[in-house]
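Colleague: I would like to learn how to read a protein model, one feature at a time. Could you show me the general idea first and then the case at hand?

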Amino acid sequence: DGRPAHLVVAERVGAAARGAEGETWLALGMDRGAMQRAIAGEREMLVWLGLFGLVLIVGVAALVARRVADPVRELVRVTESVRQGRFDVEAPDAGADEVGRLSVAFDQMRLDLKHRVRDLDFLRGAQEALAASLDFGKRSRVVIQLFQGRFEPDDTLLLDARGPRGPVSVVAESAAEPRFVDRPIAPAEGGWLAHALAATQPMDVQPTADDEAFPAEGAMGRRLLADAAAWIAVPLRTGRLVQGLLLMGWKDADRSPRGEARRMLEPLAGVTASALNNARLYRLAALDEVTHLPGATAFEAALRADVERALAGGPPAVLLRIGLDHLEHATLRRGVELSRELLRTAASALLGVVGDRMRLGRLREEELAVRLPGASADTVRDLAETIRKRLGVVEVRPEEGGEPVGTTVSVGVARCPDDA
């Protein structure tokens, strides 16, 4: 009847089944080849979809990996630069994700490390500058220069403390013309000097009535702060012992350091306090207590080193021996204290001529000396004549009145190896 064979067979089977069971069945069939072709088409489509998905996943993964890897690669480059001591290479801007936050944190660490290394270099340079001389006066001036160069105050004073409660005295200042004589200043009870000496950290001092510690200070203590609007008092301590105070003042209060800018105050104070303490100990151990020049032991040790270098082919050792002709006579006629004052004044005049305390010395009660390694004969002759004239006019007057006391000077010269 023109119907497909498989449909006719299904109807016949269904009729047979209906007659036996009372049920109706419908069976459908397809050509095997057509079914296989349909399945193959579906499979091919699934394969292509799978390949497309795989390519898409790989592409996205590559993009994500590149976005992460490029900033990490830049961070590795910056890390290598930091390892080599180059801190000016900035970390890249990696966005606002986790990698970006890591980059920002790393760059902040780089800047912090740069500042710390710079601070360490500054402290190392400060130690070298302070170690150049054991002379207390020279070290005091170096301390002033270090704080001036770092914090740029308009005025700087270095006060030597003779005890945990004072008195104090100005031993160095930044002004070209000294304004304060080296005389003791006793801190007033409740005044800013007493507070500063007891402090363990830098403290601000306002020279106004608003700061209760300022009006409580004595007149000399208030005068120290007269030339600036804002001051920082930095205690110089070695352990629990206070060595002195460093005062820095700014005419414009807004220029005084605040917050992070003050981070170097305490480390620099520790370095300078230790250096000043060493110079003070050296002065006590090696300097003559009357003249504050190197004593005979220290001077002869330095002269011995000059002679050894000269004998080894180095510059000649030159010694000037300076006799104060009438010092003994002044001691017998006018007393020990007046003769000591004359000796102290003569030593100060000699230091003014030579300029370097460590080349000077006191050999005997009435004899001073100068080391001049490598000096020519003409230089030595001129200097000897200058010393003779300068010390020959030195005079001191007794406090109770009377005639001034002076002395003539004799200068002898010895050279090594010429006179050896």
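Colleague: Where is Glu152 found?

Modeller: Glu152 is found in the loop between H4 and E1. Helices (H or I, at least four residues) and strands (E, at least two) are DSSP runs, numbered from the N terminus. This is a predicted model, where local features need pLDDT of at least 70 and side-chain atom pairs count only at pLDDT 80 or more, while totals for chains, interfaces and linings use all residues. Residues are numbered from 1 along each chain as its sequence is written, and side-chain values use heavy atoms, with hydrogens and water left out.

Colleague: What is the phi of Glu152?

Modeller: Here is the general idea: most residues other than glycine have a negative phi, and most peptide bonds are trans. Phi of Glu152 is near 50 degrees, a positive value in a residue other than glycine. His292, in the loop between H7 and H8, also has a positive phi, near 60 degrees. As for the peptide bonds, a cis one joins Cys416 and Pro417, with omega about 15 degrees. Pro417 is in the segment after strand E11 (409–416).

Colleague: Which residues does Arg255 touch?

Modeller: Contact means heavy atoms within 4.5 Å. Not counting residues up to four places away in sequence, Arg255 touches Glu152, Asp154 and Trp250. Arg255 lies in the loop between E5 and H7 and is partly exposed, at 39% relative accessibility. The C-alpha atoms of Arg255 and Phe151 are separated by 9.4 Å, although these residues are 104 apart along the chain.

Colleague: And what about Thr291, buried or exposed?

Modeller: Thr291 is buried, with a relative accessible area of 7%. You will find Thr291 in the loop between helix H7 (265–286) and helix H8 (296–311). Leaving aside neighbours within four places in sequence, Thr291 is in contact with Leu343, Ala347, Arg357 and Arg362.

Colleague: Now for sheets. In what order do the strands of the open sheet lie?

Modeller: Strands of a sheet pair through backbone hydrogen bonds, either parallel or antiparallel. Two strands count as paired if DSSP finds at least two bridges between them. Here 5 strands form an open sheet in the order E2-E1-E5-E4-E3, and the pairing is antiparallel. Strand E2 (168–173) and strand E3 (203–205) are the edge strands, each pairing on one side only. On average, neighbouring strands of this sheet are turned by 30 degrees against each other, direction ignored. Axes are lines fitted to C-alpha atoms, for helices over the stretch in contact, and angles run from 0 to 180 degrees between N-to-C directions.

Colleague: How many bridges pair E4 with E5?

Modeller: Strand E4 (residues 230–238) and E5 pair over 9 bridges, in the antiparallel sense. Within this pairing, Leu236 stands opposite Gly244 in E5. Helix H4 (residues 136–151) packs on the sheet and touches strand E1 (155–161), E2 and E5. The direction of H4 makes about 140 degrees with that of E1.

Colleague: Why is E8 described as largely enclosed?

Modeller: In a regular strand the side chains alternate between the two faces of the sheet. For strand E8 (residues 367–371), 5 of the 5 residues are buried, so E8 is largely enclosed by the rest of the structure. Glu367, Ala369 and Arg371 are buried on one side, and Leu368 and Val370 on the other.

Colleague: Which strands are joined to E8?

Modeller: Strand E6 (residues 317–324) is joined to E8 by 5 bridges and runs antiparallel to it; the bridge partner of Arg321 in E8 is Ala369. Strand E7 (residues 360–364) and E8 are antiparallel too, with 4 bridges, and Arg362 has Leu368 as its bridge partner in E8. A hairpin through 2 residues joins E7 to E8.

Notes: Buried < 20%, exposed > 50% of the residue type's maximum accessible area, 1.4 Å probe, protein only.
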